[in-house]
Amino acid sequence: SNDGKIPSTIFYRPFDSWAPKAEWTVHLPHEEKITSVAVGLRWVAIATNAQVVRLFTHSGIQRSVFSIAGPIVSIIGNHDSLAIVYHAAFPLPGHQNLNVQLLDMKNRRKVYEGNCPLTPQSKLSWIGFADNGMLYTMDSAYMLRAFVTYWSGTWMPMFTCQRVNSKDTLWPISIIDGQLTHIV
């Protein structure tokens with residue numbers, strides 16, 4: 001029966017002008033609501049409030065569905081990489097307890113699953129991939145960290161940005177050639 005609830009709907013329209021008929025729409029089950037969307041080279045990922053990630057091809061075919069161990073905070077895609085940040089457990093006072101899962105979408109394998117470190121008393125503010133494919137996070141204390149694979153998957157602090165004014169907010173846009181582009 002229709003209880004008046006409107007299902008979450010995915011409408012996909014490609015950026016490329018050469019693919020005008022590649023638009024598609026998918027309706028999720030009523031109990032699932034979309035919380036995040038990420039796009040990669042050949043895929044679209046949808047995170048829902050049911051702690052589920054649904055993977056679609058660019059032609060709209062759902063090719064995989066999998067569960068995440070905690071509530072999803074954010075997802076981000078880049079070419080063949082998908083990063084999923086989720087609550088690993090209840091936080092301790094002043095400390096978030098987040099994990100990140102990094103997936104290689106081309107080879108369908110998990111590259112990393114583990115801690116997503118944050119500065120004490122802070123929250124995750126931004127997650128993104130640099131132009132070279134390296135994954136970065138920034139927390140609300142403005143600590144920028146990079147996930148480096150040459151240390152068997154370690155998060156390395158890159159720098160902390162000092163605010164000029166306590167009311168300033170730094171919004172990262174991208175990291176290109178090692179340069180952080182942001183707005184204040």
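Is Tyr12 buried or exposed? In this predicted model, Tyr12 is buried, because its relative accessible area of 12% falls under the 20% limit that is applied to buried residues. The confidence of the prediction provides the background for this and the other assignments: the chain has an average pLDDT of 87, and 90% of the residues reach a score of at least 70. Among the elements of the chain, the highest mean pLDDT, 98, belongs to strand β8 (residues 81-87), whereas the lowest, 76, belongs to strand β16 (residues 179-183).

Aromatic contacts were examined next. A pair of aromatic rings is described by the distance of the centres and the angle of the planes. Four aromatic pairs are found when the whole structure is searched. One of the pairs is formed by Tyr12 and Trp24, whose rings are stacked, with 5.2 Å from centre to centre and 25° between the planes. This pair links distant parts of the chain, since Tyr12 belongs to strand β1 (residues 9-12) and Trp24 to strand β2 (residues 24-27), 12 residues apart. Like Tyr12, which is buried, Trp24 counts as buried, with a relative accessibility of 8%.

At the surface, a nonpolar patch is formed by Trp171, Ile173 and Ile183, which together have about 340 Å² of accessible area. Ile183 is located in strand β16, the element with the lowest mean pLDDT.

Charged contacts were then considered. Side chains of opposite charge can pair when their charged atoms come close. The search of the whole structure finds six salt bridges. In one of them, Glu23 is joined to Arg13, with the closest N and O atoms 2.7 Å apart. Both residues, although described as linking distant parts of the chain at 10 residues apart, are placed in the loop between β1 and β2. Glu23 counts as partly exposed, at 37% relative accessibility, whereas Arg13 is exposed because its relative accessible area is 53%, which lies over the 50% limit.

A second salt bridge is formed by Arg42 and Asp80, in which the closest N and O atoms are 3.2 Å apart. This pair connects the loop between β3 (34-39) and β4 (43-48), where Arg42 is found, with the loop between β7 (72-78) and β8, where Asp80 is found, the two residues being 38 residues apart. Arg42 is partly exposed, with a relative accessible area of 47%. In another salt bridge, the side chains of Arg109 and Asp104 meet at 3.6 Å, N to O. The two partners fall into separate accessibility classes, since Arg109 counts as partly exposed at 46% relative accessibility, while Asp104 is buried, with a relative accessible area of 12%.

Technical notes:
Residues numbered from 1 in each chain as written. Predicted model: local features only at pLDDT ≥ 70, side-chain atom pairs only at ≥ 80, totals over all residues. Heavy atoms only, no water. pLDDT = per-residue confidence, 0-100. Helix = DSSP H or I, 4+ residues; strand = E, 2+ residues; numbered from the N terminus. Phe/Tyr/Trp six-rings, centres within 6.5 Å; stacked < 30°, edge-to-face > 60°. Buried < 20%, exposed > 50% of the residue type's maximum accessible area, 1.4 Å probe, protein only. Patch = residues over 30% accessible without salt bridge, like charges linked within 9 Å, V, L, I, M, F, W, Y side chains within 5 Å. Areas by Shrake-Rupley, 256 points an atom, 1.4 Å probe, with all protein chains shown as cover. Salt bridge = Lys/Arg side-chain N within 4 Å of Asp/Glu carboxyl O.
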